[in-house]
Number of protein chains: 2
Amino acid sequence: MSKIIDQIKDVEHALPKWRRRPKCRPDDILDGALKEFCLCGYARARIEDIANHAGLSKGSVYLYFDSKEEMLKALIRRSVTPIALSLTEVAGHMGEDKEQTCAEILRKMLKLTATRFLDQKTGSIPLLIIGEAGNFPELPEFYRDEVIEVSMKAIETVIASGVKNGEFRPINIKLAIRSLMSIVIMQVIWNGVFKRKGEATITTDELINSHLDLFLNGALA
Amino acid sequence: MSKIIDQIKDVEHALPKWRRRPKCRPDDILDGALKEFCLCGYARARIEDIANHAGLSKGSVYLYFDSKEEMLKALIRRSVTPIALSLTEVAGHMGEDKEQTCAEILRKMLKLTATRFLDQKTGSIPLLIIGEAGNFPELPEFYRDEVIEVSMKAIETVIASGVKNGEFRPINIKLAIRSLMSIVIMQVIWNGVFKRKGEATITTDELINSHLDLFLNGALA
DNA sequence: TATTAATAAATGACTGGTTATTTATTAAAT
DNA sequence: ATTTAATAAATAACCAGTCATTTATTAATA
């Protein structure tokens with residue numbers, strides 16, 4: 001008996017009860033939060049489980065975030081910044097290569113957006129927002145300002161210039177943007193909600209190329 | 001003082017504490033549930049509030065539904081039935097009018113679907129499913145079988161016959177369906193999540209006509 | 001028709017479990 | 001020795017689901 005106790009004491013002595021991890025915390029916690037939020041939804045996700053993902057106890061989470069709600073907001077904010085950045089970057093590069101058709105720029109933008117959202121991590125953010133829109137109306141509000149409006153503006157510029165230079169016929173630009181972008185949303189929802197596991201995934205390239213082909217050339221013979 | 005008490009007693013005597021409403025209950029309760037689920041999400045919605053919407057007390061709800069989860073499932077089931085019915089009906093009528101182009105049949109189907117989902121009540125069902133997919137994987141499963149697969153099959157038939165008779169060029173039908181239907185999902189999410197109140201709503205006709213115009217004729221000049 | 005018994009509908013106080021957040025305390029690091 | 005990071009345990013609120021009780025309605029009986 002005393003042998004066993006000694007062993008336990010040894011182990012206790014060997015492994016410190018916890019270690020200090022000063023740099024990383026908030027980001028690790030958000031990773032855990034994303035996992036749990038996606039798995040059970042915001043309301044059912046337990047702080048303790050989130051904490052465990054990051055190798056912490058429940059209480060420690062509160063050293064980094066004031067509340068569960070703040071965690072959700074921080075999570076959204078973190079995912080938004082790189083998207084907004086990369087889109088404005090593409091918009092900035094537009095017009096550099098005079099040879100490039102507007103159609104090709106659109107393809108580039110669509111693929112960029114699709115790639116971002118159809119990778120599992122970013123793609124679950126819109127789903128989260130959709131699910132929590134009722135409880136936290138600031139989330140869609142914020143997302144719309146920071147992501148949707150920005151991307152729509154960027155695409156609008158491209159389509160408008162295509163219409164002006166005669167590459168596109170005179171279409172309703174606002175509506176065309178919707179028709180163009182809708183495929184990304186559809187696919188995010190398909191992959192995240194309806195796709196059965198094991199079922200073959202349509203590749204982003206296939207999807208976007210087909211959609212753009214239809215968008216540009218139409219289905220009529 | 002006694003006057004007031006008398007008045008209260010009168011009122012108490014005049015109005016029975018509750019009334020019997022034998023026929024309607026389950027459906028009224030589901031209406032309340034839909035309202036509350038949309039407002040706060042499934043997890044936060046309180047049975048008591050749902051009951052109050054239907055003019056009942058919490059306990060009475062359990063005379064009609066075994067649990068909160070059963071309510072959610074019943075709600076989804078109720079919304080699914082009429083959709084499946086109307087779609088199979090349209091599919092059944094197909095080919096009656098030989099003069100009708102496939103494009104026009106597609107327009108009719110898209111408008112039917114869009115109208116159903118863009119009326120507030122039905123439109124919130126997919127949003128609910130998206131939000132609760134993590135907790136209740138049976139919901140998307142069920143919805144996919146009963147609504148999505150059925151509608152896709154119906155549309156597939158039309159497009160395929162259009163390709164066969166030369167009205168459409170040889171396109172990838174599975175992908176074309178996605179491109180075609182995506183606009184409805186996009187709009188459901190836009191209206192239910194991102195649209196600011198007071199903001200002008202795009203009419204279903206505008207949306208579908210524009211989308212079909214692009215789908216059929218393309219954007220190129 | 002009036003009275004009374006039986007049944008159906010509805011209630012609301014209560015229980016038990018769950019979990020976000022707070023606090024007192026302990027251990028690591030410097 | 002002091003500061004910082006972390007913990008574990010306590011607190012407090014919340015809410016689904018139960019159940020003993022009450023009230024309305026209906027039917028049977030006199």
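**Figure 1. A salt bridge joins A:Lys121 and A:Asp31 in the predicted model.** The N-to-O separation of this pair is 3.8 Å, a salt bridge being a side-chain nitrogen of Lys or Arg within 4 Å of a carboxyl oxygen of Asp or Glu. The two residues lie 90 positions apart, A:Lys121 in helix α7 and A:Asp31 in helix α2 of chain A. Over all chains, the structure holds 32 salt bridges. Helices (H or I, at least four residues) are DSSP runs numbered from the N terminus. As a predicted model, it is described locally only at pLDDT of at least 70, and side-chain atom pairs only at pLDDT 80 or more, whereas totals for chains, interfaces and linings use all residues. Residues are numbered from 1 along each chain as written, chains are lettered from A in the order written, and side-chain values use heavy atoms, without hydrogens or water.

**Figure 2. Helix α8(A) is kinked at A:Arg144.** The kink is about 45 degrees, the bend being the angle between axes fitted to the seven residues ending at a position and the seven starting there.

**Figure 3. Chain A and chain B bury about 5,300 Å² between them.** Carbon and sulfur atoms give 62% of this area, which is the accessible area (1.4 Å probe) lost on putting the two parts together, summed over both. A:Arg144, A:Arg169 and A:Arg178 supply 14% of what chain A buries against chain B, more than any other three residues. Contact (heavy atoms within 4.5 Å) involves 59 residues of chain A and 59 residues of chain B.

**Figure 4. A:Glu199 forms a salt bridge with B:Arg144.** The closest N and O atoms of this pair are 2.6 Å apart. Eight salt bridges are counted between chain A and chain B. On the side of chain A that touches chain B, α9(A) provides the largest share, 14 residues.
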